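Look at the structure below.

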Amino acid sequence: MQNIVCFVSDFGLEDTWVGVCHAVIHRACPLARIVDLGHQIPPFDIRKGASVAAAGVYQLPEAIHLVVVDPGVGGGRKDLCVLTGAGTRLVGPDNGVLMLAAERAGGVEAAYAVDPSKIDFRRPLGTFHARDVLAPAAAALACGVEPASLGTPVPPDELTPAPFANTVMDGEWVVAEVLECDRFGSLRLRVAAEDLKDLGLATTRLEIGLGHLALEVPFGQTFADVGEGEPVALVDSSGWLTLSVRTGSAADRYGIEPGATARIRGLAG
Amino acid sequence: MQNIVCFVSDFGLEDTWVGVCHAVIHRACPLARIVDLGHQIPPFDIRKGASVAAAGVYQLPEAIHLVVVDPGVGGGRKDLCVLTGAGTRLVGPDNGVLMLAAERAGGVEAAYAVDPSKIDFRRPLGTFHARDVLAPAAAALACGVEPASLGTPVPPDELTPAPFANTVMDGEWVVAEVLECDRFGSLRLRVAAEDLKDLGLATTRLEIGLGHLALEVPFGQTFADVGEGEPVALVDSSGWLTLSVRTGSAADRYGIEPGATARIRGLAG
Amino acid sequence: MQNIVCFVSDFGLEDTWVGVCHAVIHRACPLARIVDLGHQIPPFDIRKGASVAAAGVYQLPEAIHLVVVDPGVGGGRKDLCVLTGAGTRLVGPDNGVLMLAAERAGGVEAAYAVDPSKIDFRRPLGTFHARDVLAPAAAALACGVEPASLGTPVPPDELTPAPFANTVMDGEWVVAEVLECDRFGSLRLRVAAEDLKDLGLATTRLEIGLGHLALEVPFGQTFADVGEGEPVALVDSSGWLTLSVRTGSAADRYGIEPGATARIRGLAG
């Protein structure tokens, strides 16, 4: 899977941008396999792009991930190639959109500001670095070029951070942001599967506070662990603690949007 | 076309699910060619998924068809591989979503409950059998594995049936369900092209009753057989008898939705 | 990039049409690489299809471009293969949808009415020439077949023209149609990058009249040349003069839709 390029953007599918980037990658590295992870990110929505990219990296850590949500294109922001502790390679603008994914893949090991002169780029168009810098950089990685060959090192602590609140403890409560809402209305919270035990959430029931709501829900393996229309907490394919309603929408039921704060604690079974 | 995997789902294109399944298939069978037939099926809409899959199978019977609309994922329902009389291979959950396609491809010849231990699956996640069971099964078929090697036989009469009313005769009338409405507003009826003669509909004009409506329409070859904005019956690319309005929408014009019942009879030319 | 087939249509992604065309091309020419440039063209919208195709051809002139927006399918209109002065190969119906792209790629050098009997087509279905004629023709080109082998020549002046007003001078003003609005709300005008100098628009500020509006805007390289929410004229990736609002929507801000007329003149810096 070393040659798979996963591609996330806010380009939509009505215009030529996604396809043109595909063509650029095909041309630069015919052996690359491009996988579209999602191009319907709302325009300029760095949060949603970061969430989708993180879910992709969690499931496909050995692939290259090209992530383009880039309201600052053409301004001073850097074009980045990030190598993570788990060996995942990320390409995208330095605006935080890569950072949740990096966190899920072992943290930032090294970062490079991509230098168009280092590989055979055309002169970057001010409005379309995805085509002229980022897609060619991803293609170079897919064909075996080392990240360090693409540009100049950037100290990890100078990277723009992810646009989410850190998860913290408040007494016995875990306070975590609602990262996103998926197509089926499930709410993904910034609590990673691998941290459940340390946070005291490895139990069979959870209490979840969302605004004025206080829910007690079973912590299950799948939607079918509860009856139709009933809520359940589970770890979904994104690897986040998730609040779902079986064959319904948790977001609609509880009126919750991404960015809300959830308070969670484990209950005795 | 033995290695083409046609993929239908209700995953949408905003999240990582479709792309992750692509990556899983690429990894398991690099020779597979994946063709996305449609991922905008409304969430949990088994009817629409079944209709789109049937249209795909009608046009591409020699391909493998992976169909995922799966409200019961993680519950007791089986993951199926179905082999049809015409040799088409179908993969999807046992909730009826494969059965209209099977009917169009010669009926169910054999069915197997896919057993994750039979091939190199990861432990199935309760919420994402598409990634962990169904896509790997489709990839195995694309690389030449026999359906019977994927699991244990299921008697065809134990499969969950398609979620549509059977087409029946009522005197000289054919009573058929409106299967679906396409992007252009055309209404597809559950009358197969190959059955038109036997049903007395191989004529040049049809009478179609839909609710309170009684329409007399020409039975043409194409939209251009009638004037702009006029109705026409024809057999479209899905292979179903279809009611269209030239450069307009039959669904909007007549206020008809999928699931409605149509009464059709042939008229003397 | 000789074997890349760029595909634009109004088929949407809810039905099987796009995927079936992919499968047909895979089968006919396994070496072809298909790039989807956009299938969300509104049904029957030849203008939008022509604009997206022209943007694709501008960026990828060496690829084959298959463009299907075809309200007249099954009627008398020809299925075309067009060879341009710059060597670009275009395939689509003779309804004008190819002509803006042809104009951007050196004009029509030769055109052919595709004859299904010339290559191994199935008998064309009246409602789906894309599958039965146009996609096979594009696949044939991708595998090296010469355009002239696909059918009979059509004199360029007999082709249906592009559905846009020609750009003209009115004194010092350039009068140009708004071709389209992109996902981010940018308005693309029918003024090609290569004509800016001749039209007196190679300046640092422009005056743009749109209906009752009269705007003075800087002519920049990128969105970041102006402040948040401010307007800027630039040449975007489509190669057209474009009116944008930084991290906003020019279309919403000014209430302008495709088809409107813009009056533009260069201002002294």
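A:Phe11, A:Trp17, A:Phe44, A:Phe128 and C:Phe184 form one aromatic cluster in this predicted model. Rings of Phe, Tyr and Trp (its six-membered ring) pair if their centres lie within 6.5 Å; planes under 30 degrees apart count as stacked, over 60 as edge-to-face and the rest as tilted. Over all chains, the whole structure holds twelve aromatic pairs. C:Phe11 and C:Trp17 make a tilted one, with 5.8 Å from centre to centre and 45° between the planes. Both C:Phe11 and C:Trp17 are buried (under 20% relative accessible area, 1.4 Å probe, protein chains only).

Now turn to chains A and B. Contact (heavy atoms within 4.5 Å) joins 31 residues of chain A to 32 residues of chain B. The area buried between chain A and chain B is about 2500 Å², and carbon and sulfur atoms give 59% of that. Buried area is the accessible area (1.4 Å probe) that two parts lose on being put together, summed over both.

Three salt bridges cross the interface of chain A and chain B, each a side-chain nitrogen of Lys or Arg within 4 Å of a carboxyl oxygen of Asp or Glu. B:Arg27 and A:Glu62 meet in a salt bridge, 2.7 Å from N to O.

Residues are numbered from 1 along each chain as its sequence is written, and chains are lettered from A and ligands numbered from 1 in the order in which they are written. Local features need pLDDT of at least 70, side-chain atom pairs count only at pLDDT 80 or more, totals for chains, interfaces and linings use all residues, and side-chain values use heavy atoms, with hydrogens and water left out.

Notes:
Buried means under 20% relative accessible area, exposed over 50%, partly exposed in between (1.4 Å probe, protein chains only).
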